[in-house]
Amino acid sequence: MAEPGTLTGPAPAVAPPEDERPAGRRSGVLGAYRALLGAQARSQAAYRTSFVVDLVGNVGATVFDVVTVLVLFGVTRELGGFTLHEALVIVGLSSFAFATADLLVGNIERLPRYVRTGLFDAVLVRPLAALPQLLLMDLPLRKVSRVVFGLAVLVASVTSAGIHWTAGRVALVLVAPLAGVVFFGAIFVTTSTVSFYWIDSGELANSVTYGGRDFTSYPVTVYGGWFRALFAYGMGFAFVSYHPALALLGRADPLGLPGWVGWAAPGVALVAAAIAALAWRVGIRHYRSTGS
Amino acid sequence: MGSVTATVAPPTDSNVTRWFRTFGAIAVSGFRRYATYRQAAVAGVVTNTVFGFLRYYIFLAAAGASGRVAGYDRGQLATYVWVGQGLLAVIAIWGWTELADRIRTGEIAADLLRPVHPVTSYLATDLGRAGFAALSRLVPPVLIGLLLFDVYLPRRWATLPLFVLSVLLAVVACFGCRYLVNATAYWLQDVRGPLILWTLFSGVLAGLYFPLGFLPGWLEALLRYGTPFPSLLQIPLDVLVERHPVPTQVGLVGVQVGWTVALLALCRLVQRRAERRLVVQGG
Amino acid sequence: MSVIEMSGLRKEFTVRVKVGRLRREKRVVTAVDGIDLRVERGEMLGYIGPNGAGKSTTLKMLTGVLMPSAGEARVCGLRPVAERTRLAMRIGVVFGQRSQLWWDLPLRDSFDLLRHVYRVPAGEHATRLARCRDLLDLDEFLDTPVRQLSLGQRMRGELTAALLHSPEVLFLDEPTIGLDVVSKQAVRGFLAELGRAGDTTLVLTTHDLADIERLCHRLVVIDHGRVVHDGSIAALHSRYGSRRMVVAELDAVLSEPPELPGAPLQRVEADGHRLVFALESATVAEVVAGLAGLATLRDISIVEPDIEEVVARLYRAPVEVGGAAVTGAP
Ligand SMILES: Nc1ncnc2c1ncn2[C@@H]1O[C@H](COP(=O)(O)OP(=O)(O)OP(=O)(O)O)[C@@H](O)[C@H]1O
Ligand SMILES: [Mg+2]
């Protein structure tokens, strides 16, 4: 996260500003971002006990997601036609992708507050792109714990699901989680831009971000009707965990989509990122500040 | 607290009527105040609805082909989910930090100067808030459930009044929990820790993520009698979907009464301790 | 080329207004209603107007925060919204009501961070910071976290923060709001010093007209989003017929009002012992000489025209159609 180049989601689309000064143009921007990151680490250190509490609390959130799945399997042998081991692969992909995107981009959640209070003005008058600034200004390092836990679930589930490993599947198990991160990052950014148009939209974005996390924690066969169509394919959440998991497990899709769909995850993620970048650029022009 | 108006009634009234009048006035002002956040309510309803769909389908999958799980059939699960999504906002399980904020900024001093006990006045405001939420946040998801799904409608005449009482108790009990969590701000500089723990545990243990009936029986009983959480959500919903026979139904509301009384008493105790501490330290 | 150019700049906000108990109506508020203005390098521009006139909105459009609804703006030859980050390198902004600093960090760390953000060489940064510390008396609270600073201290920090990258244009939106007399003087003195150097362009909005009198040669007054005056302060006075006054205290009461060429009599006070003349073409010496022949002068004083009074009259006057009631260029 120290370099804008490794930002997920639409960040690469927001080009760093071109400096007029001849020397050290590129390193200058990096230096600026690094300084922002350092400053924010220092201000977090001002609240040390809270930091520890947050670390613990954030693991807790993901733990309970997994516990919920385990409890559900306590009352049924199959969920939507999937066994516990298979379902855990889906949970692992989803938790890791969401937790990582939340760490890197989830901060954008604060945009509605910035927009409502006009604090966003201060971000806009600085010579750095607005999105990386917002993300770095308060990078929630405490969420690291959640990423680690998500990764642990992912590793444990794919190693115990009896996957028949091929070179392709090895590639997929590496690429799919990253695509999921990009995808969730794009979702975070896109939904946050709603607040440029609807200032009091409050927790609305949660319905898609956290809703998406819950949605991707279960096989899409669980859901029904237009709700499934909308979330799984309208918004593309099926490509975060469900289809990649099918491809890893070598299962045919009960809903009838061909097997290669599991490999489409990176493509879907890139499309989502492009949409997010566009939404951000258009949205920022609708920012209306507040009366002084 | 905003516009708390402590009406001074003529001295001919008994203490009790006067108390009720003050309480009512504060509650009305709470209703009014939250009624101004209409757009946020709309956004909240959308979010509750999305989660309603998610949870409905997931619980249904857990019920499997038989359509029955832990004493619920499909219709009962539908009612459980959709009414539950609405109740979530009525009891305001998450997101209330007003007391903690006022303690941190020292504005609490103004509340202590009022002739009404802080627990009472915050409770009255909260009931007003819950009243508005019942209209704006409970009705929409219930309607969606009624229109789109085969929800279970109560069959016994006693269920509805019992449910209303149960919800009222849940609101007060949840208020008590939130008050206690917020009141840690009297002792702690930063209340994020207690708040996070509260957010984490309240959702799971109140029966939001899954009905506690999905757990082993002994664990459900332990949670129900040993913690206040099921009294906040699970019990009102179980009462509504008539998961148990009438005597048990009444007994569950009794459990809620117990927890509510205990929590309010604890709130007052904590408040007294805190005030003594404020006086000593000149907070 | 002018440093700042605006042509037909407009900004409309759609707001929902409550009508009755439940109904809401959309209404369009025109905050800035077609402003044409040019500001040259090194100018110190006072940009004033009554509350809600559209001052802050104009400044936000010039700094790339707000997208104009119509019209065009150029600052340093750049389009503010489209080339926002490049422009940000070359301008400094202080919104009096809103902090640019890092809340939890000491002022010193904020400044250091800004050095990286604006990519200022360390040496240059140190020189400028030293100057600001000196002129604005920052030393006392340089190591205090921003959230613990008083308003005046914070504002001095904000000014410094806006200047560390030596911007070509400085936009100040009410930089003296809420400051005590001493802080105000420090800020004004600092800005005057900056103006004397002559290469920074300054756009200043304020409700304290003393700021303007002290700092700005050019005054733009807007009302309802339109320019209603653009010119020097002197031009404003002459437009509203506000002149310097000579107040003469006489020993005796004159039998008939004196006629002094170029200084018409305005008022007679204190039972005829005090006469007030407006200075038009006459000088003070001429008035004194003219009066000395008529009666014994006990005292004489000169009253400067009151800018507050003039501006109040301007604000109260109905807006002229077209808003282009421009008088006397500087
Ligand atoms: N974000 C906004 N949304 C809606 N209306 C706005 C917004 N910002 C400003 N306005 C309206 O635009 C008009 C001009 O506001 P602006 O803040 O530019 O005034 P101003 O001249 O800075 O006033 P003041 O002297 O009080 O600071 C006002 O009528 C205000 O209500
Ligand atoms: Mg303003």
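**Figure 1. The second largest pocket in the predicted model is the space taken by ligand 1.** The elements of chain C that each give two or more residues to the shell around ligand 1 are β1 (4-18), β2 (24-39) and α1 (55-62). Among these, α1(C) contributes the most to the shell, with three residues. Ligand 1 itself lies between chains A and C.

**Figure 2. Residues around ligand 1.** The shell comprises 18 residues, of which A:Arg288, C:Lys55, C:Ser56, C:Thr57 and C:His207 come nearest to the ligand. Sorted by class, the shell around ligand 1 holds ten polar, five nonpolar and three charged residues.

**Figure 3. Polar side-chain atoms of chain C beside oxygen atoms of ligand 1.** For C:Ser56, a polar side-chain atom is placed 2.6 Å from an oxygen atom of ligand 1. For C:His207, the corresponding distance from a polar side-chain atom to an oxygen atom of the ligand is 2.7 Å. A polar side-chain atom of C:Glu174 lies 3.2 Å from an oxygen atom of ligand 1. The protein buries 80% of the 630 Å² that ligand 1 exposes when taken alone.

**Figure 4. Lining of the second largest pocket.** This pocket contains about 950 Å³ of space. Its lining is made up of 36 residues, and those nearest the centre of the pocket are A:Ile199, A:Arg288, C:Phe13, C:Thr14 and C:Val15. Two or more residues of the lining come from each of α9 (194-197) of chain A and β1, β2 and α1 of chain C. The largest share, six residues, is supplied by β1(C). By class, the lining of the second largest pocket divides into 13 polar, twelve charged and eleven nonpolar residues.

**Figure 5. The largest cavity.** The model has six cavities of 30 Å³ or more. The largest cavity has a volume of about 110 Å³. From chain A, the residues that line the largest cavity include A:Val125 and A:Arg126. Those from chain C include C:Ile91, C:Gly92, C:Val93, C:Gln100, C:Leu114, C:Tyr118, C:Glu158, C:Ala161, C:Ala162 and C:His165. The elements that give two or more residues to this lining are β5 (91-95) and α5 (151-163), both of chain C. Seven residues of the lining of the largest cavity are nonpolar, three are polar and two are charged.

Note on methods. Residues are numbered from 1 along each chain as its sequence is written. Chains are lettered from A and ligands numbered from 1 in the order in which they are written. This is a predicted model: local features need pLDDT of at least 70, side-chain atom pairs count only at pLDDT 80 or more; totals for chains, interfaces and linings use all residues. Side-chain values use heavy atoms; hydrogens and water are left out. A residue is near a molecule or strand if one of its heavy atoms lies within 4 Å of it. A polar contact is a pair of N or O atoms within 3.5 Å; within protein, one must be able to donate a hydrogen and the other to accept it, and residues adjacent in sequence count only if both atoms are side-chain atoms. Accessible areas come from the Shrake-Rupley method with a 1.4 Å probe; for residues, only the protein chains shown count as cover. On a 1 Å grid over the protein atoms alone, a cavity is a set of points where a 1.4 Å probe fits but cannot get out, and a pocket is an open set with protein on both sides within 12 Å along at least five of seven lines; lining residues have an atom within 4 Å of a point. A molecule sits in a cavity or pocket if more than half of its atoms lie within 2 Å of its grid points. Helices (H or I, at least four residues) and strands (E, at least two) are DSSP runs, numbered from the N terminus. Ala, Val, Leu, Ile, Met, Phe, Trp, Tyr, Cys and Pro count as nonpolar, Asp, Glu, Lys and Arg as charged, and the others, Gly among them, as polar. Grid points are joined across faces, edges and corners, and a volume is the space filled by probe spheres set on the points.
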